[in-house]
Amino acid sequence: MTADYKLDRFCFYIFIVDIFFLPLFPYFSVSLSLPFMLYWFLKRGCRVKVFREYKYFPLIVVLMFISTLISVVYPVETSYGTTFITTFKRLVQFVTSFWYFFFFKYYFETYRVSINKVYFYSIIYIVIFAFFYFLNREAYASIKILVNPVDNHTRRALGHEIIYRFNFLWADPNNVAYAVGTLLLTFLSEEQEKYFSKMLAVVLVIFILFCTMSIGGLSSMIFSLILFFLFKKKKKQIKTSDFYKISISTIALIFLIIYFYPIISDFFNSDVIDNLLSRVDYYDGSDTSGGRGKDFIKSLSYLNPMFLSVGCGIEGFVTEIGHMYILFMYGLPVYIYFIYILFWRKRSICWRRLIPLIPMFAGFTMNIAIIDQKYLLILLFTSAYLSISTSNNQIVNEKSI
């Protein structure tokens with residue numbers, strides 16, 4: 001076992017634990033494993049320069065840096081102010097996050113590794129927190145605010161301003177919902193056996209989604225599941241044993257729905273539904289009304305030819321739509337690069353393989369979810385894995401993790 005392989009494997013496991021199981025560094029949206037990533041790039045970063053995605057990365061960084069400088073002098077008033085320090089931290093966040101993508105792409109192309117257990121155990125991990133939330137929301141919120149002091153959602157819930165929705169170790173419950181949808185779909189698409197584990201994962205994710213009370217997260221997962229089964233490569237006839245498994249799973253699901261009826265009824269509470277649906281409404285006549293439709297229409301008034309090359313590094317043009325957020329922040333070329341890295345089909349990869357990314361694409365579209373560091377890193381990890389052809393002749397075998 002070479003020293004290079006030991007370093008690669010050590011960093012890989014450090015990054016997995018950090019991304020999927022640890023909270024962010026308190027008060028700063030930065031991953032705890034970032035020092036290890038810096039060290040790996042100093043020692044082994046030259047390995048990623050062969051990737052097509054890396055070819056344009058230096059230019060993208062330059063454009064983003066120019067946009068950050070423009071933020072100092074760009075004359076505009078947005079929905080909320082952005083200091084240069086905030087803009088610069090956002091630049092560092094995105095640039096270092098792409099390092100994780102390059103590392104994972106290198107690792108998945110170099111070593112044969114199955115990530116099924118990572119997704120399954122991360123779902124188990126999240127549902128444990130969801131269960132504590134289900135038992136006592138106020139107690140969970142009181143502890144959660146200590147782990148994530150900048151969590152405004154939990155802080156407002158403790159002040160009885162809003163209904164407290166499960167947001168895991170993160171800040172936005174919607175981001176959690178979109179992320180677990182992708183975790184589930186990736187697990188279902190990559191795991192070829194373990195029927196019970198797959199059914200269990202489905203049930204647990206449904207419970208998590210009800211705890212988050214996210215219509216967008218639930219809708220995007222259902223839509224993706226339908227596509228997943230419609231375009232499944234191998235369609236097998238249902239055997240007698242499969243019929244029994246499906247029947248038992250259905251009965252278990254009905255039992256769980258009955259048992260967890262209180263939280264489901266909370267989800268369908270008219271006040272909750274009205275509040276969530278209001279976020280997709282267009283315009284209600286007031287200047288302060290929310291809604292993604294209004295958010296999009298308002299953002300169009302700020303567009304000018306400058307954004308075809310670089311952005312202005314300023315946040316606040318939109319509050320919900322990730323596409324417009326990146327366009328205004330860094331311009332059209334950087335936006336195209338983001339879409340290519342995060343969601344686009346790479347060479348020799350079929351479109352069906354990208355179905356698991358649909359929930360997180362919905363989160364990017366409806367919620368600017370990528371400003372949540374954990375969300376972005378899980379998305380980059382998954383995108384890197386799904387961008388590797390299953391027929392690749394990888395050179396080192398590893399056990400499933």
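The following is a dialogue about how terms are applied to a predicted model.

Student: Why is Val73 called exposed?

Tutor: Exposed means over 50% relative accessible area. Val73 has a relative accessible area of 65%, so Val73 is exposed. Val73 is found in the loop between α4 and α5.

Student: What makes Val73 part of a nonpolar patch?

Tutor: A patch residue needs over 30% relative accessible area and no salt bridge, and nonpolar side chains, Val among them, are joined within 5 Å. Val73 has 65%, and Val73 is listed in the patch with Phe65, Leu69, Val72, Phe84, Ile85, Phe88 and Val92. Together these residues have about 730 Å² of accessible area.

Student: Which helix gives the most to the nonpolar patch?

Tutor: Helix α5 does, with four residues. Both α4 (57–70) and α5 (84–110) supply at least two residues each.

Student: How do you know whether Thr96 is buried or exposed?

Tutor: Buried means under 20% relative accessible area. Thr96 has 8%, so Thr96 is buried. Thr96 is in helix α5, and the side chain of Thr96 reaches the backbone oxygen of Val92 at 2.7 Å.

Student: What makes the pair Asn367 and Asp172 a polar contact?

Tutor: The limit for a pair of N or O atoms is 3.5 Å, and one must be able to donate a hydrogen and the other to accept it. The side chains of Asn367 and Asp172 make their contact at 3.0 Å, which is within the 3.5 Å limit. Asn367 is in helix α18 (residues 358–367), and at 7% relative accessibility Asn367 counts as buried.

Student: Why is the pair of Phe108 and Tyr385 called edge-to-face?

Tutor: The structure holds 58 aromatic pairs. In the pair of Phe108 and Tyr385, the rings are 5.0 Å centre to centre, with 80 degrees between the planes. Centres within 6.5 Å make a pair, and planes over 60 degrees apart make the pair edge-to-face. Phe108 lies in helix α5 and Tyr385 in helix α19 (residues 373–386), so the pair ties together parts 277 residues apart in sequence. Phe108 has a relative accessible area of 2% and is buried; Tyr385, at 11%, also counts as buried.

Student: Why is the pair of Tyr125 and Phe129 edge-to-face?

Tutor: Their ring centres are 5.0 Å apart and their planes are at 75 degrees, so the pair is edge-to-face. Both residues lie in helix α6 (residues 116–135), four residues apart, about one turn of the helix. Tyr125 has a relative accessible area of 24%.

Student: What makes Glu190 and Arg353 a salt bridge?

Tutor: The closest N and O atoms of Glu190 and Arg353 are 2.9 Å apart, within the 4 Å limit. Glu190 lies in helix α9 (residues 173–190) and Arg353 in the loop between α17 (332–342) and α18, 163 residues apart. Glu190 and Arg353 are both buried.

How values were computed
Residues numbered from 1 in each chain as written. Predicted model: local features only at pLDDT ≥ 70, side-chain atom pairs only at ≥ 80, totals over all residues. Heavy atoms only, no water. Patch = residues over 30% accessible without salt bridge, like charges linked within 9 Å, V, L, I, M, F, W, Y side chains within 5 Å. Areas by Shrake-Rupley, 256 points an atom, 1.4 Å probe, with all protein chains shown as cover. Salt bridge = Lys/Arg side-chain N within 4 Å of Asp/Glu carboxyl O. Buried < 20%, exposed > 50% of the residue type's maximum accessible area, 1.4 Å probe, protein only. Phe/Tyr/Trp six-rings, centres within 6.5 Å; stacked < 30°, edge-to-face > 60°.
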